[in-house]
Amino acid sequence: MRFSRSVLTASALAALSVGATTALASPASAAPNTTPQKVCGSGYKTVNSAAVGSLGTVYLTYNSANGQNCVATIRTNPGTRLDMSAWIYVPDTEESAQDDGRFTSYAGPVYVHGKGHCVDWGGGIDNVYVQVFGSNCGALKEHRVTFTR
């Protein structure tokens, strides 16, 4: 599924306009000591992250050897299966990837080639979502949106 900045922005603004206030999250299964590097693989370093309320964190990682970005949403307290998601989109190339479902520990990993490009990314856990637009663009300032549905 392809994400476009206008579609994601519109959905975020619509959610915010009805009083939403939290963040996007993630899905899958793993041990309580799951890390972004364990989920994405060796060679990936965390370059950014966003809290999904108190439920967990969405991580953006990067592998400089292959130019790939990886996103994973990891729960703070694994347990019962919850709706979770992780996604990434490169506006310049329109490449995107997503993972969503009902998971006990994490959502993802999802990968796109991002070397030299800004990326939009995010995730959700249960009904809390976070979206980060224009991330890792050098001097440009990213824009974060957190909301609940």
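Setting aside neighbours within four places in sequence, Ile-88 is in contact with Leu-60, Asn-69, Val-71, Glu-95, Ser-96, Ala-97, Val-110, Val-112, Val-119, Asp-120 and Trp-121 (contact means heavy atoms within 4.5 Å). The model is predicted: local features need pLDDT of at least 70 and side-chain atom pairs count only at pLDDT 80 or more, while totals for chains, interfaces and linings use all residues. Residues are numbered from 1 along each chain as its sequence is written, and side-chain values use heavy atoms, with hydrogens and water left out.

The largest nonpolar core has 20 residues, of which Val-71, Ile-88 and Trp-121 touch the most other members. A nonpolar core is a set of buried Ala, Val, Leu, Ile, Met, Phe, Trp, Tyr and Cys residues joined through side-chain atoms within 4.5 Å; buried means under 20% relative accessible area, exposed over 50% and partly exposed in between, with a 1.4 Å probe and protein chains only. Two or more residues each come from strand 1 (45-52), strand 2 (56-63), strand 4 (82-90), strand 5 (95-103), strand 6 (106-113), strand 7 (119-125) and strand 8 (128-135). Strand 4 gives the most to this core, with 4 residues. Strands are DSSP runs of E, at least two residues, numbered from the N terminus. A second, separate core of 7 residues includes Val-39, Tyr-44, Cys-70 and Ile-74.

Strand 7 has 7 of its 7 residues buried, so it is largely enclosed by the rest of the structure. Val-119, Trp-121, Gly-123 and Ile-125 point one way from the strand, Asp-120, Gly-122 and Gly-124 the other way. In a regular strand, side chains alternate between the two faces of the sheet.

Strand 7 runs antiparallel to strand 4, joined by 6 bridges, and Met-84 stands opposite Ile-125. Strand 7 and strand 8 are also antiparallel, with 6 bridges; here Gly-124 stands opposite Tyr-129. Strands count as paired if DSSP finds at least two bridges between them. The hairpin of strand 7 and strand 8 has 2 residues between the strands, and Asp-126 takes a positive phi near 55°.

Four strands form an open sheet in the order 1-2-3-6, with antiparallel pairing. Strand 1 and strand 6 are at the edges with a single partner strand each, so one side of each is left without a neighbour in the sheet.

Strand 3 (residues 68-75) pairs with strand 6 in the antiparallel sense over 6 bridges. The bridge partner of Gln-68 in strand 6 is His-113.
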